[in-house]
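Here is a short note to read beside the model.

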Amino acid sequence: MFITDIRKEFYEVVTNQRVALLVAADIDAVCACKILQVLFHCDQVQYTLVPVAGWQDLSTAFLEHKEQFQYFVLLNCGANVDLLEMLQPDDDSVFFICDTHRPVDVVNVYNDSQIKLLIKQDDDLGVPSYDEIFRDDDEEEGDSGNESDEGSEPSGKRRRFDEGAVERRIERQRAKREWEGRRREILFDYEQYEYHGTSAAMMLFELAWVLTKDTKDMLWWAVIGLTDQWVHDKITHMKYVTDIATMQRHVSRHNHRNEDEENSLSIDCMRISFEYDLRLTLYQHWSLYESISNSCYTSCHFKLWTLNGQKKLQEFLADMGLPLKQVRQKFHSMDMAIKGNLRDVIEESSNKYGMKDIRVQTFGVHFGFKNRFLASDMVHATAALLENTEKDESTSDNFLKALDSLSRGNLDRLHLGIDLAKKKLMAIQQTVASCICTNLIVSQGPFLYCYLMEGTPDVKLFSKPMALILLCKYLLKAFVHSTRNKRCKLLPLVMAAPKDVEKGSVIVVGIPPESETSDKKNFFGRAFEKAAESTSSRTLHDHFDTSIIELKTEDRSKFLDALITLLS
């Protein structure tokens, strides 16, 4: 059931209770968790935090905690499956679900007692009406019961044959079959595509605002949650711009509130500002040259994997009139005279080179006088910490480090995340270049397909879902820019990479076609399920995004054949 008054129906219910907080391993969920933790600390709500990476983790966490807890809060997990069917909880367990995954399962929507959805109603949900999906079968069961009683009468008595009753029963059965056919069609249309709704961090920031407990830190975390959806390409550009406008109003309100405070320029102050900044990843923490080379937007426009592209980049830098010495050194070491109007200079030259939208609406933050970060820097740094493969640490250790990196007091950890993010972006750039230069992307008919071989450099990094999805988006964009085949430009991409060499498994992900006007709806979730079913492939549908699955390496070719047949 959808909650309409988040304060009364959610927060006031859990305030005097012990709460189990189950949080998915994505940036938006981490930010939402951070906001909720602060609110819980304010009101001294006892809670246990459990990071969950997939459905198996969620089931295990529930089994471990169901005795001690009645209330469970699920962040970015649980909305898109029938949760009660999966967890089989006791009747008094209550689940509060704040999840961006769509479509929301219909049983979750119409369960009034145990499932409470903290989901924005004005999102384009399109939930079918109750009568189209559920109906009472009591009458029919009653009828069939009477008939079986009659059938057990002694054979000596001649049974009177009520033709009217038989006809009514046949009519009812026909109506039921028709209704079931319609129900299947309605559910298929509703569940066919997977997409994402309003950021969970934004939802919980609105709760803090309603409670008048919102702080600048919470506002910044909500901004990072929204930016995560944009960086990982989960929402449409229109949705992003609309949500940015909402956040901008909150930022103005906070800045206005603090104008008259004396400490607004103290050493530990925090200032959030709306920026119309460059689409160059981490450029303020890198050299401008490396940022341009490793940002998806510029790299694909220049086709930097070709010699021609490298030459174009040099021309671009010359056009801006920036000395190579300045461009290749750390951003914070560049001359102040150059840094002053750098954005305008880059925008002017970008327009000549066909990069009309090099600037994008976002937010920046100043911690004290020295540290400045863009929201996208935070997303890349936190994602790199969350999926760190350099040390063999557990998922929950990485989760807690990512959570810590969002605090103002932990700038060292944030800088470590930024260094990891740079390595990750360089690995993605090199992998994209090698995939395109060696023609690893093959058109399979209804979709493009790419398989990363074992032994590819940095292949361990791409066994993680967020890194693989980022590589996928980047690779598809690069392919669209480099191919001459017009039909291939409209195709989605399926990518597979080794997950666990010892167990012999691969991770497979599917993304929709690359286009500016795309609605970001992904049909691969259902297609993967059907293909696995029809070939009895050994798959694991454990990820909260249905378009990411794990598959046994030897089943890869038959699974792929089934997928081609299914989508042709």
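Which residues lie nearest the centre of the second largest pocket?

1. Trp230, Val231, Asp233, Arg279 and Lys477 do, out of 36 lining residues. A pocket is an open set of points on a 1 Å grid where a 1.4 Å probe fits, with protein on both sides within 12 Å along at least five of seven lines; lining residues have an atom within 4 Å of a point. The space in this pocket is about 880 Å³.

2. This is a predicted model: local features need pLDDT of at least 70, side-chain atom pairs need 80 or more, and totals for chains, interfaces and linings use all residues. Residues are numbered from 1 along each chain, and side-chain values use heavy atoms, without hydrogens or water.

3. The lining of the second largest pocket holds 15 nonpolar, eleven polar and ten charged residues. Here Asp, Glu, Lys and Arg count as charged, and Gly counts as polar. Elements that each supply at least two lining residues include α10 (216–231), β8 (270–278) and α21 (465–482).

4. The protein has 23 helices and 16 strands, as DSSP runs (helices H or I, at least four residues; strands E, at least two). Of its 568 residues, 52% are buried, meaning under 20% relative accessible area with a 1.4 Å probe, protein chains only.

5. Helix α23 covers residues 556–567. Its twelve residues should span 16 Å at 1.5 Å a residue, and the end C-alpha atoms are 16 Å apart, so the two agree. The expected span is 1.5 Å times one less than the number of residues. Phe559, Leu560, Ala562, Leu563 and Ile564 of α23 are buried.

Definitions and conventions: Buried means under 20% relative accessible area, exposed over 50%, partly exposed in between (1.4 Å probe, protein chains only). Grid points are joined across faces, edges and corners, and a volume is the space filled by probe spheres set on the points.
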